[in-house]
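Here's a quick briefing to read with the structure open beside you. We'll start with the aromatic rings, then move on to the cores and the surface.

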Amino acid sequence: MLRAPPSLPVLWQRSQFVQFAEVFPLNELGYRPEPEQYLTVVGWIEVVAGLLLAFGPQLLQEISNFVLTVIMIGAIYTLLALKEPLAMCTPATVCLGLLLLLNIRGRGWKVKPKFQ
């Protein structure tokens with residue numbers, strides 16, 4: 001079976017995950033993931049959780065929201081630990097904000113009208 005060579009964005013992602021694995025939070029406990037495996041696991045978790053968030057039943061939506069929230073917090077931590085510019089944290093921060101907003105609004109809290 002012939003495989004196409006990886007594109008530039010894929011190569012860039014792989015090189016980024018080599019750096020991400022160096023500052024993985026569980027390194028302190030002696031666990032250091034392989035960058036390729038780390039990339040694959042995070043990618044699949046994001047895809048599955050995203051699909052469940054969009055199309056799953058209420059309970060699975062709440063669980064996937066929590067999982068994606070933890071991943072976004074981990075992404076922000078990783079970028080800050082690598083001393084990346086704050087602009088690099090913007091996509092993860094926006095996603096985290098939207099997930100938290102969805103979590104708050106998804107619980108059925110209703111805003112009271114100002115005038116009753």
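Predicted model: local features only at pLDDT ≥ 70, side-chain atom pairs only at ≥ 80, totals over all residues.

**Aromatic rings**
- The model has two aromatic pairs.
- In one, the ring centres of phenylalanine 24 and tyrosine 31 sit 5.9 Å apart with the planes at 65 degrees, so the pair is edge-to-face.
- Tyrosine 31 has a relative accessible area of 44%, which makes it partly exposed.
- Phenylalanine 24 also pairs with tyrosine 38: the centres are 5.1 Å apart and the planes are at 80 degrees, so this one is edge-to-face too.
- That pair ties together distant parts of the chain, as phenylalanine 24 is in the loop between α1 and α2 while tyrosine 38 is in helix α2, 14 residues apart.
- Through these ring pairs, Phe24, Tyr31 and Tyr38 form a cluster.

**Nonpolar cores**
- Phe24 and Tyr38 also belong to the largest nonpolar core, a set of nine residues that includes Phe17, Phe20, Leu79 and Cys89.
- Helices α1 (8-22) and α2 each put at least two residues into this core.
- A separate core has eight residues, including Leu68, Ile71, Met72 and Leu96.
- Beyond its neighbours within four places in sequence, phenylalanine 20 touches Tyr38, Thr78, Leu79 and Leu82.

**Surface patch**
- Helix α2 gives the most to the patch, six residues.
- Isoleucine 63 is in helix α3 and is partly exposed, at a relative accessible area of 43%.

Key. Residues numbered from 1 in each chain as written. Heavy atoms only, no water. Helix = DSSP H or I, 4+ residues; strand = E, 2+ residues; numbered from the N terminus. Buried < 20%, exposed > 50% of the residue type's maximum accessible area, 1.4 Å probe, protein only. Core = buried A, V, L, I, M, F, W, Y, C linked by side-chain atoms within 4.5 Å. Contact = heavy atoms within 4.5 Å. Phe/Tyr/Trp six-rings, centres within 6.5 Å; stacked < 30°, edge-to-face > 60°.
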